[in-house]
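Reader: Please take me through some local features of this structure, with the criteria spelled out.

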Amino acid sequence: MIGQLFEAVQRHSGAPLPPKWVEQELTDYLPIENEAQIAQLLEDNRAVVLVADRLGSGRWTAALRLLTTRPGRPLALRRVRRETGDGFSMEGLKGRKRTGWILDLRETAESIPAGCDFGLELRQADDLRDDDSYLLVLVGTELWQRIGHGAGDLARTPQPPKSVDLFTKYLQSAGIADPKAWAGDHRFSAELPRLRPGQVREWARTLARAESEYRIATGRSAEPGSDGFETVAKAAGHAVSGWMDVLTNWHCVPGRTSYDRNYLLLAAVYDGAPIDSVHDKILSLARALGERGDGSTRPAGQQGPGLIQLARQIEAEPLPDGTLRFPGPGFAEAVVRYFWRDRPELIEAFTKWTAQLCLGLQASQADGIAERLAPWILHHAQAARSTRLLHVVARDWSADRNLERHAHALLVTAALDPEIGQLTRSATSTWVTKEDSPPFLKTLAQVFQSVAPAHPAQMLRRLGDLALSEKDDVTEAVGAAVDTLWADDDLRPQVRGVLNSWFASGQKGQRQSAASAFMHLALQRDDSGGPSLLSDPEGTVADWVIRGWRTALEADEPTVVARRACTAWLDAAAVRGKVSGRICSTLVRAVHDTPTDHLRGVRFLNFVRLAEHWLARGEALDHEGRNQFRAVLMRSVQHADPHRPRAQGEGEPAGD
């Protein structure tokens with residue numbers, strides 16, 4: 001999961017798209033019908049706009065295909081890194097030779113400032129020609145009508161291949177025998193022409209799963225004209241509609257009890273896997289949902305339904321190993337999503353129950369439940385255009401040590417999703433300011449760090465908002481996130497600017513986060529083993545480094561990481577002559593070199609504490625050597641104090 005998230009962020013960050021990944025994206029590609037025309041338009045103008053109404057129209061794969069088939073040596077494919085709503089300039093693409101750029105404006109919330117003159121900007125293609133590069137813009141129809149003035153002739157709508165041909169191609173790739181017979185069946189052929197390419201792919205995948213599950217269950221094939229063909233076609237039809245009619249009819253059966261409904265929901269959460277103490281878990285779910293009466297007490301003896309009856313009541317087949325075989329693909333997800341839509345007032349109670357359920361399971365079982373629920377939650381957020389469920393689940397999972405990584409993965413995936421990415425990133429602004437759960441806020445810090453390479457300005461702003469928290473573990477998490485982002489050469493100038501603004505902030509939380517982040521940076525070493533923040537080719541110390549130490553010294557007392565950082569610097573100062581003077585000068589200036597006297601005493605006191613800590617814990621020299629070095633350093637600090645009493649003959653001449 002972590003590797004997949006890293007790759008997803010990298011693909012959004014402007015890094016080259018991995019050729020193997022591009023090849024996989026194009027595995028089942030069929031050329032759009034106007035591919036040759038668009039290819040010539042791209043060659044003539046170097047920039048082309050692919051316009052369509054909705055996601056799933058084939059713009060992304062068409063763009064990959066067009067860029068991978070340009071004449072000459074292969075292009076390096078990159079997404080243009082920008083924030084939703086930012087402007088765009090062709091100047092930003094200059095200098096990358098043989099690059100295929102993709103500017104993705106497909107997000108629902110996407111926009112371009114009116115003053116950008118986007119259409120006219122696309123005409124400025126000389127730099128692209130000089131670099132032998134190309135640009136493809138992917139955009140929705142409504143947005144293009146607002147921003148495309150002056151570039152209408154560069155826009156084309158991809159004309160997808162015939163849906164039946166695309167369906168057949170997907171089925172063939174999935175290993176389905178006689179795919180043309182399936183594509184020609186009336187239950188599919190009547191609907192296929194109305195589907196977008198992305199929907200055709202989902203239909204084909206669903207049919208392939210249904211056919212595979214049938215073969216595994218029966219050992220028989222589903223050849224056209226056979227009973228198996230009818231069974232698979234019926235299951236696939238229900239699945240592509242989300243099993244809505246089937247589930248509605250099931251819930252409407254007279255005499256259906258909450259015990260039945262809770263078992264159905266429990267079995268879906270487990271996705272048919274064996275359930276230990278099934279009746280106890282049904283009752284725990286009932287109590288979590290606030291139920292009272294007979295449905296919330298465990299039946300004694302043979303009262304109530306047994307496992308086989310329960311399974312048959314939810315249209316499932318119990319297998320000898322304790323697992324359940326559901327009616328078809330996607331049934332378990334459909335059950336949970338039906339519940340979310342049918343009982344929205346119980347969503348929070350349900351998610352808390354799932355988190356508690358995982359606490360009593362082995363790690364592998366808990367992981368399985370979380371990994372199953374995560375895509376279902378995303379699908380619900382996409383359909384509902386709401387982040388409420390996403391927020392509730394991530395908050396509850398963050399409070400559990402075993403589930404917090406799943407909360408992180410869920411939010412990162414949502415923040416990068418083309419349908420709800422901007423919706424999620426905007427919602428985090430509210431979560432940061434209104435949440436008071438330290439575990440969830442720490443998870444958000446990790447999420448902002450992970451998404452920052454793709455959306456740097458927005459995520460650094462979110463880290464700034466989060467830094468206002470005065471909870472120590474949250475500010476520490478923000479500091480660690482900024483420290484990690486520092487390693488990105490492209491992000492480093494922005495990170496430095498953010499830290500500088502936080503150093504001067506009137507908000508204590510931001511100053512604490514800045515100090516925490518800076519102390520992490522201060523621990524980094526260069527190739528020679530000295531502090532990397534002093535690795536200036538001109539041998540000078542940057543003003544922001546002095547401000548960082550000053551902010552750290554103005555804390556109520558030194559943090560653990562501040563003690564570690566100061567110990568590392570003083571160890572280096574004691575044995576490395578080349579940097580000793582700069583280290584000592586930096587620390588002395590951090591104490592005294594300010595335009596006002598505010599907090600000078602606090603800084604001096606904390607510096608004394610840090611020096612005493614180094615005396616006891618340092619590794620350079622022996623104890624006596626460190627003591628002598630510390631004494632010299634303390635005299636330097638005292639001597640630099642502008643308010644120290646001056647002896648006669650020092651400074652101004654003594655009076656008569």
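This is a predicted model: local features need pLDDT of at least 70, side-chain atom pairs count only at pLDDT 80 or more; totals for chains, interfaces and linings use all residues.

Reader: Which side chain of opposite charge is nearest to Lys281, and how far away is it?

Author: Lys281 lies in helix α15 (residues 278-288); helices (H or I, at least four residues) and strands (E, at least two) are DSSP runs, numbered from the N terminus. Lys281 is buried, meaning under 20% relative accessible area (1.4 Å probe, protein chains only). Lys281 has no salt bridge, which would require a side-chain nitrogen of Lys or Arg within 4 Å of a carboxyl oxygen of Asp or Glu. With Lys and Arg counted as positive, Asp and Glu as negative, and His and the chain ends not counted, the nearest side chain of opposite charge is that of Asp276, 5.9 Å away.

Reader: Which backbone oxygen does the side chain of Lys281 reach?

Author: Leaving aside neighbours within four places in sequence, Lys281 is in contact (heavy atoms within 4.5 Å) with residues including Tyr270, Trp353 and Asp276. At 2.8 Å, the side chain of Lys281 reaches the backbone oxygen of Asp276.

Reader: Which residue of β4 stands opposite Trp101?

Author: Strand β3 (residues 99-105) has 7 of its 7 residues buried, so it is largely enclosed by the rest of the structure. Trp101 points one way from β3 together with Thr99, Leu103 and Leu105, while Gly100, Ile102 and Asp104 point the other way. β3 pairs with strand β4 (residues 134-140) in the parallel sense over 6 bridges, where pairing takes at least two DSSP bridges between two strands. In β4, the residue opposite Trp101 is Leu135.

Reader: Which helices do the buried residues of α24 pack against?

Author: Helix α24 (residues 456-466) is largely enclosed by the rest of the structure, because 8 of its 11 residues are buried. Among these buried residues are Met459, Arg462 and Leu466. They pack against α22 (421-434), α23 (438-451), α25 (472-485), α26 (492-503) and α27 (508-522).

Reader: Which residues does Ala552 touch?

Author: Ala552 is in helix α28 (residues 543-553) and counts as buried because its relative accessibility is 8%. Not counting residues up to four places away in sequence, Ala552 touches Ala515 and Met519.

Note on methods:
Residues are numbered from 1 along each chain as its sequence is written. Side-chain values use heavy atoms; hydrogens and water are left out. Buried means under 20% relative accessible area, exposed over 50%, partly exposed in between (1.4 Å probe, protein chains only). A polar contact is a pair of N or O atoms within 3.5 Å; within protein, one must be able to donate a hydrogen and the other to accept it, and residues adjacent in sequence count only if both atoms are side-chain atoms.
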